Amino acid sequence: MTVRLSIFPLPGVILFPGLQLPLHIFEPRYRALVSDALARDRRIAMIQPQRAAEGAPLFGIGCVGRIGEVEALDDGRYNIVLEGEARFRLVRELDVPTAFRKVEAELIEDDGDEVLSSIERAGFEAEARRFADAQGYSVDWDSVARLDDMSLINGVSQIAPFDPAAKQALLEAGSLAERCELLIQLMQFFGRRDGDEDRVTLQ
């Protein structure tokens, strides 16, 4: 079954089911998007454009979020927190009169009970420590150890300082174990880069 979704195409930003994404909304078309969502079902679909250009083609997978917290500012801007509900597969973009874009999509039913093996979890945490040390990040590893596998892997995927294509690959990974393995590979790859030209920056 397909659904119609209003989208917020943002390069370098992905959302996962069960996670939260804070957003500051200031462009007029996306202020209209939020106003429309609040008047309807509070849902906004996050999806990456394939390049940072007006009307650029979209990647094939995104995530529907529901507006949880919302702060409406006096000048029409919003601060919102999106709560990830479900990944979706793009079917086609719709021709609409609204300032914001809409798509037809199929929702993806993910297994919310997936877990990693103890070896996979240990391997990931070891690589994450090396990556964090190399990048100069300060991490509360005791808190990390208390996270369930899904929250850990998806959470790191969502905030990791990788380029848009890498983040898209993480979102599209078919299973938690595949996403974990890909994250390790990406940390190894990006962790090796140095010099000002190849500096890895937060998206």
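Visitor: How many disulfides does the structure hold?

Guide: A disulfide is a pair of cysteine sulfur atoms within 2.5 Å. This is a predicted model, and the structure holds 0 disulfides.

Visitor: Is C63 buried or exposed? And is C180 buried or exposed?

Guide: A residue counts as buried when its relative accessible area is under 20%. The value for C63 is 0%, so C63 is buried. C180 has a relative accessible area of 3%, and therefore C180 is buried.

Visitor: May we apply this reading to a charged residue? Where does E127 lie, and why does E127 count as buried?

Guide: E127 lies in helix α2. Its relative accessibility is 7%, and E127 counts as buried because of this value.

Visitor: Which residues does E127 touch, not counting those up to four places away in sequence?

Guide: With those sequence neighbours set aside, E127 touches I184, M187 and Q188.

Visitor: Let us turn to pockets. How much space lies in the largest pocket, and which residues lie nearest its centre?

Guide: About 400 Å³ of space lies in the largest pocket. Its lining has 19 residues, and Y137, V139, W141, V156 and I159 lie nearest the centre. The elements that give two or more residues to this lining are α2 (118-135), α3 (141-146) and α4 (149-159). With 5 residues, α4 gives the most.

Visitor: What classes of residue form the lining of the largest pocket?

Guide: The lining of the largest pocket has 17 nonpolar and 2 polar residues, with no charged residues.

Visitor: What is the volume of the second largest pocket, and what lines it?

Guide: The second largest pocket has a volume of about 280 Å³. Its lining consists of 18 residues, with F8, P9, L10, E27 and Y30 nearest the centre. Two or more residues come from each of β1 (2-9), β2 (20-25) and α1 (28-39). The largest share, 3 residues, comes from β2. By class, this lining has 11 nonpolar, 2 polar and 5 charged residues.

Notes:
Residues are numbered from 1 along each chain as its sequence is written. This is a predicted model: local features need pLDDT of at least 70, side-chain atom pairs count only at pLDDT 80 or more; totals for chains, interfaces and linings use all residues. Side-chain values use heavy atoms; hydrogens and water are left out. On a 1 Å grid over the protein atoms alone, a cavity is a set of points where a 1.4 Å probe fits but cannot get out, and a pocket is an open set with protein on both sides within 12 Å along at least five of seven lines; lining residues have an atom within 4 Å of a point. Grid points are joined across faces, edges and corners, and a volume is the space filled by probe spheres set on the points. Helices (H or I, at least four residues) and strands (E, at least two) are DSSP runs, numbered from the N terminus. Ala, Val, Leu, Ile, Met, Phe, Trp, Tyr, Cys and Pro count as nonpolar, Asp, Glu, Lys and Arg as charged, and the others, Gly among them, as polar. Buried means under 20% relative accessible area, exposed over 50%, partly exposed in between (1.4 Å probe, protein chains only). Contact means heavy atoms within 4.5 Å.
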